[in-house]
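My entries follow in the order in which I made them.

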Amino acid sequence: MDHFEFDTLATAAFKGERVAARRLVARMQVTEAQALLQVLTLAAGAAGLAQLLHQREQLRLRDEERRLARQAHAAHKLALRKAGLQSSAAWRGWFDGSAHPNPGQIGIGALLCGPDGQRMEISRRAGYGNSSEAEYLALTALLELAVKMGATELAICGDSQVVVNDVNLGAARGAKGLEAHRARVVELMAALGQVQLRWVPRHRNGDADRLSQQAIASPTAAG
């Protein structure tokens, strides 16, 4: 059994077996290689150490294959994420609507930015209603502007979970009382083609929020 290399034994040994070997070294004053040989020989039993080492090597190879597969899968996902960033929307938009009080006077704000440096703002009053209606009117105004500008691959952000979820979940699971607003938004999004709508926290929607508040403060504000 002495012909087995220490590295071979160490690679084959499980963690508990290596711990047992170190204890044996301390107790019996043998080398680590000798201790590991004794521990693995005992673990091998009647099948013999050579058979045990062969089984452990096959197990190690399978684990290595799984590890490499996980790495390849992770690399593939990363590549997809990078590709998504590289092909990000050509146009970007933000919207926000407010009602003072709620319900009350509606102010809408929106910002549309294009791939060639275009920057268009909307800030105007939009009648009377509640906060959800205000958010929907702001989104509608943004989409109408995007259609007018011939925008493509539009990514829109808003801080209204009610409106974002209402549009993304669709009519079957949408909020009651907002059906007409949802239908108009869906119609405009279909006209634009590729549109992504996602929620962002209010602090990441500062420009649109400022424009909607500006509309309330200035009765003459226009988009």
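Entry 1, a helix pair. I began with H2 and H3, and H2 passes H3 in a right-handed crossing. A crossing is called right-handed if the near helix is turned clockwise from the far one by less than a right angle, and left-handed if anticlockwise. I noted that the contact involves Glu17, Arg18, Ala20, Ala21, Leu24 and Val25 of H2, and Glu32, Ala35, Leu36, Gln38, Val39, Leu40 and Ala43 of H3. Contact means heavy atoms within 4.5 Å. Sorted by class, the contact of H2 with H3 has nine nonpolar, one polar and three charged residues. Here Ala, Val, Leu, Ile, Met, Phe, Trp, Tyr, Cys and Pro count as nonpolar, Asp, Glu, Lys and Arg as charged, and the others, Gly among them, as polar.

I then looked up the geometry: H2 (residues 15-28) and H3 (residues 32-44) pack at about 130°, with their axes 8 Å apart. Axes are lines fitted to C-alpha atoms, for helices over the stretch in contact, and angles run from 0 to 180 degrees between N-to-C directions. H2 and H3 are therefore oblique to each other. Under 35 degrees counts as roughly parallel, over 145 as roughly antiparallel, 65 to 115 as roughly perpendicular, and the rest as oblique.

The model is predicted, local features need pLDDT of at least 70, side-chain atom pairs count only at pLDDT 80 or more, and totals for chains, interfaces and linings use all residues. Residues are numbered from 1 along each chain as its sequence is written, and side-chain values use heavy atoms, with hydrogens and water left out.

I found eight helices and five strands. Helices (H or I, at least four residues) and strands (E, at least two) are DSSP runs, numbered from the N terminus. Buried residues make up 37% of the 223 residues, where buried means under 20% relative accessible area, exposed over 50% and partly exposed in between (1.4 Å probe, protein chains only).

In what order do the five strands form the open sheet? The order is E3-E2-E1-E4-E5, with mixed pairing. Two strands pair if DSSP finds at least two bridges between them. E3 (119-129) and E5 (195-199) stand at the edges with a single partner strand each, so one side of each is left without a neighbour in the sheet. The twist averages 20° from one strand to the next.

Eight of the ten residues of E1 are buried. E1 runs antiparallel to E2 over nine bridges, and three residues separate the two in a hairpin. I located Asp96, whose bridge partner in E2 is Gly109. E1 pairs with E4 in the parallel sense over five bridges; there Trp94 has Cys157 of E4 as its bridge partner.

E2 (residues 104-113) and E3 are antiparallel and joined by nine bridges. Ala110 stands opposite Ile122 in E3, and Leu111 has Glu121 of E3 as its bridge partner. The hairpin of E2 and E3 has five residues between the strands, and Gly117 in the turn has a positive phi of about 90°.

H6 (residues 161-169) lies across E1 (91-100), E4 (154-158) and E5, and runs at about 140° to E5.
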